[in-house]
Amino acid sequence: MKQAKSDAKFMKIAITEAAKGIKRGQTPFGACIVKDGKLIAASHNKVWAANDITAHAEIDAIRKACKKLNTIGLSRTTIYSTCEPCPMCFAACHWAKISRIVYGTAIKDAKTYGFNELVISSLKMKKCGKSQVKIDRHFSKKGNQDLFRIWKQKGKAGPY
């Protein structure tokens, strides 16, 4: 029960980050990284603002966490992401040795809203790469799906 309450708290932070991004004209994705029950870093997609296709929420949160902790290794951390990490973001989580990924919607959900996703699940990536990361899927799925609806209502239809 304690873990579920903690997961809900931190997923709400990721959702809030995604909402900030939407307000700033970015895509509806957010993430945060937690270690020992403490928030280390949070971010939203900044692809358009940075003109950088790699500026996904997870990547930016990883960069911030590594800088804050002065390390490239993020073992014993959990990343909360509003959507299943794309293959690039999953690989970054793997390389950073993030211990756990908790995500809301699936890659296929993003694709239905016009995103140019490679539909390769995190579970498949984990299996192919023999990654040790623990994956908890579809956490607070409805709240995360709402981000896509809000984004679409703003007249967005796919990222580029």
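Which residues is K35 in contact with, leaving aside its neighbours within four places in sequence? They are I40, L69, S75, R76 and T77, where contact means heavy atoms within 4.5 Å.

This is a predicted model, in which local features need pLDDT of at least 70, side-chain atom pairs count only at pLDDT 80 or more, and totals for chains, interfaces and linings use all residues. Residues are numbered from 1 along each chain as its sequence is written, and side-chain values use heavy atoms, with hydrogens and water left out.

**The sheet**

K35 belongs to strand β1. Helices (H or I, at least four residues) and strands (E, at least two) are DSSP runs, numbered from the N terminus. An open sheet of five strands has the order β2-β1-β3-β4-β5, and its pairing is mixed. Its edge strands are β2 (38–44) and β5 (134–136), each of which pairs on one side only. Two strands pair if DSSP finds at least two bridges between them. On average, neighbouring strands of this sheet are turned by 15 degrees against each other, direction ignored. Axes are lines fitted to C-alpha atoms, for helices over the stretch in contact, and angles run from 0 to 180 degrees between N-to-C directions.

Strands of a sheet pair through backbone hydrogen bonds, either parallel or antiparallel. Strand β1 (residues 30–35) and β2 pair in the antiparallel sense, over six bridges. Across this pairing, A31 stands opposite S43 in β2, and V34 stands opposite L39 in β2. The hairpin of β1 and β2 has two residues between the strands, and D36 takes a positive phi near 50 degrees there.

Five of the seven residues of β2 are buried, so that strand is mostly covered. Buried means under 20% relative accessible area, exposed over 50%, and partly exposed in between (1.4 Å probe, protein chains only). K35 is also buried, yet has no salt bridge. A salt bridge is a side-chain nitrogen of Lys or Arg within 4 Å of a carboxyl oxygen of Asp or Glu. The nearest side chain of opposite charge to K35 is that of D36, 5.4 Å away; Lys and Arg count as positive and Asp and Glu as negative, while His and the chain ends are not counted.

**The helices**

In helix α4 (residues 87–95), the residues P87, C89, F90, A91, A92 and C93 are buried. What covers them includes α3 (57–69), β3, β4, α6 (122–129) and β5. K97 follows α4 and has a positive phi, near 65 degrees.

Helix α7 (residues 141–153) lies across β3 (77–83) and β4 (100–105), running at about 60 degrees to β4. K141 is found in this helix. Not counting residues up to four places away in sequence, K141 touches G104, T105 and D109. The C-alpha atoms of K141 and C83 are 8.8 Å apart, although 58 residues separate them along the chain.

**The cysteines**

A search of the whole structure finds zero disulfides, a disulfide being a pair of cysteine sulfur atoms within 2.5 Å. C66 is in none, and the nearest cysteine sulfur, that of C93, is 10 Å away. The sulfur of C93 has its closest cysteine sulfur in C89, at 6.9 Å, which is too far for a bond.

The table gives accessible areas for some of the residues named above.

| Residue | Relative accessible area | State |
|---|---|---|
| C66 | 14% | buried |
| C93 | 1% | buried |
| K141 | 26% | partly exposed |
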